[in-house]
Amino acid sequence: MAVDNPAKIAILGAGPIGLEAALYARFLGYDVDIYERGQAAENVLRWGHVRMFSPFAMNSSTLGLAALQAHDPAYEAPDGGGLLTGREYAERYLLPLSRTDLLADHLKLNTSVVSVGHEDLLKGELVGDPERGDYDFRILSLDAVGNESVTSAEAVIDTTGVYGNPNWAGQGGAPALGERESRDEIEYEVPDVLVCERERYANRSTLLIGSGYSAATTAVALAKLAEEASDTKVTWIVRRGGSDSFPIKVIESDRLTERAELTAEANRIAAGASSGLAFHQSTSISGVLRTADRNRFVVTLTGELEGEFEFDNIIANVGYRPNNRIYEELQVHECYASQGPMKLAAALLGSSSSDCLDQTSHVPKTLLNPEPNFYILGAKSYGRNSDFLLSIGLEQIRDLFTIIGDRENLDLYSTAPSLQE
């Protein structure tokens, strides 16, 4: 519903979508608080060694570029067609954007949002009633040293993403026996095995789990490491099997060259092109224990590869899920399959293409929840669906502010000058 300015909008997360949403709000005259549990763009920097599939033009906005140039006339934007690493994207665009005059004083860094609710309204009151929009949000947060504080806002935009909340690696998506105890010792992200974490993986044995692009990225890097350090051994398992033994699904005539090349190389490696990597389909992990000295993992596998095996490392690139505890006291209708907000999840389920480039942002009403003035944008809005693109997130921001600003044709992106023209 419409929110008149000057109102305060709380934005949870200072990643790409959070910063862009805050910038859009500031251009429209809203006050904003941007809560970030670490530093700006911190999650992007955690996969900073990985090259993005999509070009910079798809991951930046005309509004962001205009703000950067206004702040620093000497700013030089990356080439619009350039494929940046996560670190390059953060250092050349996101971090400079966070330091602009429009955003710098509104960042609450090292501040974790614990809960969003209402001061005088329970979750079960005024069910589906627009009158809930008359109540400000109560935001409980925690700073870096553990101090709690409470602030308020007329609207809240959750852009906290999913990257820090990995799925479980066990059968059926549930924890494998012993996985909970070993959670902090299993790698669920995409490690930089060729540079920063080379010593951890070189000339050691690693179990890799997963069949998505993160797993493909890790597999290609580990195969290269095995060529350079001959005692490096990798066992790559995927849950699915069938006549097509390739782990990574091939998109015909893929328009993203980097993605196509990664897919081809990962599938080539799985087919036996790397002497240091063994690939097994139809295999799941059912149990994991640490040895007595906690130097190795004892893993129980079932399926094509069955039995107990020891590994020095486990990398579980099995995807991520949203942390919905932040808004559990609000009326948010979630999809029973993806855990994303229901209206958007239903629209995504209706999409027939397997290529995420064919997506649209759907329509503004798909961003609405039963809770007035509470919105979920970015990767978190897709729940467990991994097809989210940053360009879609920018379209979501544009769509959202047609609702908040109550102007159907509002589009700051179309009126802001572009440094890439």
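This is a predicted model: local features need pLDDT of at least 70, side-chain atom pairs count only at pLDDT 80 or more; totals for chains, interfaces and linings use all residues.

**Checking the labels**

Me: Why does the radius of gyration of the protein chain agree with a compact globule?
Reply: With 421 residues, a compact globule would come out near 22 Å, and the protein chain has 22 Å, so the two agree. The C-alpha atoms fill a box of roughly 60 × 50 × 45 Å along the principal axes.

Me: What makes up the fold, in helices and strands?
Reply: There are 10 helices and 15 strands in the protein chain. Of the contacts between residues at least 6 apart in sequence, 71% join residues at least 24 apart.

Me: Now Thr 232. Why is Thr 232 called buried?
Reply: Buried means under 20% relative accessible area. Thr 232 has 1%, so Thr 232 is buried. Buried residues make up 52% of the 421 in the chain.

Me: Where is Thr 232 found?
Reply: In the loop between helix 6 (213–228) and strand 9 (233–237). Setting aside neighbours within four places in sequence, Thr 232 is in contact with residues including Tyr 201, Arg 204, Leu 222, Leu 225 and Gly 276.

Me: What makes the Ala 229 and Thr 232 pair a polar contact?
Reply: The cut-off is 3.5 Å between N or O atoms. The backbone oxygen of Ala 229 lies 2.9 Å from a polar atom of the Thr 232 side chain, and that distance is within the cut-off.

Me: And the charges: how far apart are the mean positions of the positive and negative ones?
Reply: They are 4 Å apart, for 36 positive and 61 negative charges.

How values were computed: Residues are numbered from 1 along each chain as its sequence is written. Side-chain values use heavy atoms; hydrogens and water are left out. Helices (H or I, at least four residues) and strands (E, at least two) are DSSP runs, numbered from the N terminus. The radius of gyration is taken over C-alpha atoms; the globule rule is 2.2 Å times the number of residues to the power 0.38. Buried means under 20% relative accessible area, exposed over 50%, partly exposed in between (1.4 Å probe, protein chains only). Contact means heavy atoms within 4.5 Å. Lys and Arg count as positive and Asp and Glu as negative; His and the chain ends are not counted. The place of a charge is taken as NZ of Lys, CZ of Arg, CG of Asp or CD of Glu. A polar contact is a pair of N or O atoms within 3.5 Å; within protein, one must be able to donate a hydrogen and the other to accept it, and residues adjacent in sequence count only if both atoms are side-chain atoms.
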